[in-house]
Amino acid sequence: MSNRLISGAVQKLLAQARRSSHHGLKTLAGHPVTMGASATTSATQQQPQYYNSWTKDSLIERVRQLEEQLRQQNSSPQTSNAPAPAPASIIAEAAAAQPPPSNGQGQPQTSKPGEGKRAKKKKSGGIDMSKYATRMIALKLAYLGKNYNGFEYQKSPAPLPTIEDKLWKALTKSCLISPENPDEVDFAPFEYSKCGRTDKGVSAFGQVINLRVRSNQRVPVKGTRTEEKGVRQQEDTEMADTTVTAPEPAPRPPPKREFDPIADEIPYCRVLNRLLPPDIRILAWAPHLPENFSSRFSCRERQYRYFFTSPAFTPMPASLAVGGLNNGWLDIDAMRKAAKMFEGVHDFRNFCKVDPGKQLTNFTRRVFESDIVEVTDVGTALPYLNLPQFARRSDQTETDTPKVYYFHVRGSAFLWHQIRHMVAVLFLVGQGLEPASVVSDLLDVNKTPRRPCYLMAEDTPLVLWDCIFPKLNPEDAANYYATSLKEEADSHNPEAVVDTNLKDDGVDWLWLGEDSPTSLHSSTGLVDQMWEYWRERKMDELLASRLLGRVATQADLTKLRVPQQGSLKPNNTTQKIFRGGNVGVSLGQYVPVLKKEMLPTPEEQNDKWAQSKGFAGAEEMVKTHNWRSVMKANRAAAKRKASMSDAGKEETEAAAT
């Protein structure tokens, strides 16, 4: 169920409350009404101004609460003819759900400063956030993206939650952050930044975020220690000046030691892992960050891996194979040769998806490394593939099959869907459908100015493997943000000399287990948790592989007991294409990439989008320097014009009657 549908359900329940208890909701019509203290408190605590921005879990919980309150209201006996008042929480929520009153200048009227602070304290789970300091930290996290609609929170309806949905819920529930409205996802007040924005289905084993969170360190009360120290100094002076022998003072308690920013700090990883689902884990946190650190702009290198098997899909037996068609075996050497052509600085417009809404004009990126690597420590053998009746490429002699490989690529930054387009072309080369030179042809934008309409690879096997940050000398560290931006620009400049082989990560990570070995190895440790998660899926793989092997070898294809008409071989014009998924996709007769339909150039797509927003073209739109604000103002003007037109029609109709 989408957020929009749930939000509609909440609004319907509120409307039902208004109809059933009109007397108790007269404030909605502008009439005064007396509300109890509980209703006022509920209104302060809830503040559900915009249900469309609430998380799905919060909306579902609110629907349950409202349904229960309405059920109790409708089932309670009535002792008089007067309408029963609505429950206080529904009255408060119905009032709060209305648009905030205007201050006369088109802006929402805000509450008094004291009211906001009191509400914030109550919403933070009993913790007075004003008594604790805050600190900027970075978190390194891993997640399996198959069950998520990408990393970034989305306000528009989505069938699956996002990683940021789950992070927000864990951060607010643990009181590491204290937003005005915990039900509304808004990271902006906490100086939040993320390194990579993975798409739906994509996983990450080294994602990095940074934000400001609550610390375990208390905020010192002003004047307390100073006054105490002054009193003690005065007593010592008086005792020194007198000639009367005074009794020996009682021993003073030892001074409190300084706050240790690691040993005394909140165990952020363990706290969040207790609240996050098992397929999202916090692996480490960074207690010391340079000033102006940004996970997005300070990152020097992003590493991706796209995993696949060879054969890519189940191969046909030799008796049924026709001219290599439907053959799932991949030519790894040819793929490796093609992958090496990506290295260096190139224009990757033919290996990405253009988003006209961003008006991107520069598609030049530097790839540090690009290769095909075999995974040697994975046991995925299917013995039936070694039997002689199954077709095998003549240059492959392995006996432990299928083999597992990954497309390894390192770079500073990548375009939208760039990795999935790159690996899709490599799969075509591996199947023998394209020569390795097709990569250089697509990188040559003078020869191929428009991207051919080929399908990109599937999302699930792609992993954001790691994010690496540079170590800076003291001079550069003083201006970390500006230095990071300069290095980012240099990495895509063909003339710049760039170190593309970072040895170590510049961030000093405190990995889970370095605080205490039991954080990894115990009944509640991360290794034990991941073992349970892994073993469940390993048993699924083991049973599925045994079943597949038995099904593939049980029948004797040389003993046909049913008479067959015509050729037993499949239609030789049907070619299966491997796109990284679990099965090959049948697309009929294969059309080479360079002979496919060509898409509009990025410039044409940008112009078309700009024209749809009321501009003559992309060039005119960019000249405004802040075209999003111009578009917003144009929409507001069109809305006012439409409202005036409707008002004029109503006046004309009224005059006619």
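Predicted model: local features only at pLDDT ≥ 70, side-chain atom pairs only at ≥ 80, totals over all residues.
View A. The buried residues are Ile163, Glu164, Asp165, Leu167, Trp168, Ala170, Leu171 and Thr172. Their cover includes strands β1 (132-143), β2 (193-194), β3 (203-218) and β4 (280-286), together with helix α8 (268-275). Cys175, which follows α6, has a positive phi near 60°.

**View B. The salt bridge between Lys194 and Glu164.** The closest N and O atoms of this pair are 3.5 Å apart. Lys194 belongs to strand β2 and Glu164 to helix α6, 30 residues apart. Glu164 is buried at a relative accessible area of 3%; Lys194, at 18%, also counts as buried.

**View C. The salt bridge between Asp466 and Lys140.** Here the closest N and O atoms are 2.8 Å apart. Because Asp466 lies in strand β9 (residues 462-468) and Lys140 in strand β1, the pair ties together parts that are 326 residues apart in sequence. Lys140 is buried, with a relative accessible area of 2%, whereas Asp466 is partly exposed at 21%.

**View D. Glu434 in the loop between α10 (418-430) and α11 (438-443)**. Glu434 is buried but has no salt bridge, and Lys596, the nearest side chain of opposite charge, is 6.8 Å away. The side chain of Glu434 makes a polar contact of 2.7 Å with that of Tyr590 and reaches the backbone nitrogen of Val593 at 2.7 Å. Residues touched by Glu434 include Leu428, Val429 and Pro592.

How values were computed: Residues numbered from 1 in each chain as written. Heavy atoms only, no water. Buried < 20%, exposed > 50% of the residue type's maximum accessible area, 1.4 Å probe, protein only. Helix = DSSP H or I, 4+ residues; strand = E, 2+ residues; numbered from the N terminus. Contact = heavy atoms within 4.5 Å. Lys, Arg positive; Asp, Glu negative; His and termini not counted. Salt bridge = Lys/Arg side-chain N within 4 Å of Asp/Glu carboxyl O. Polar contact = N/O pair within 3.5 Å; in protein donor to acceptor, adjacent residues only side chain to side chain. Lists of a residue's contacts leave out its neighbours within four places in sequence.
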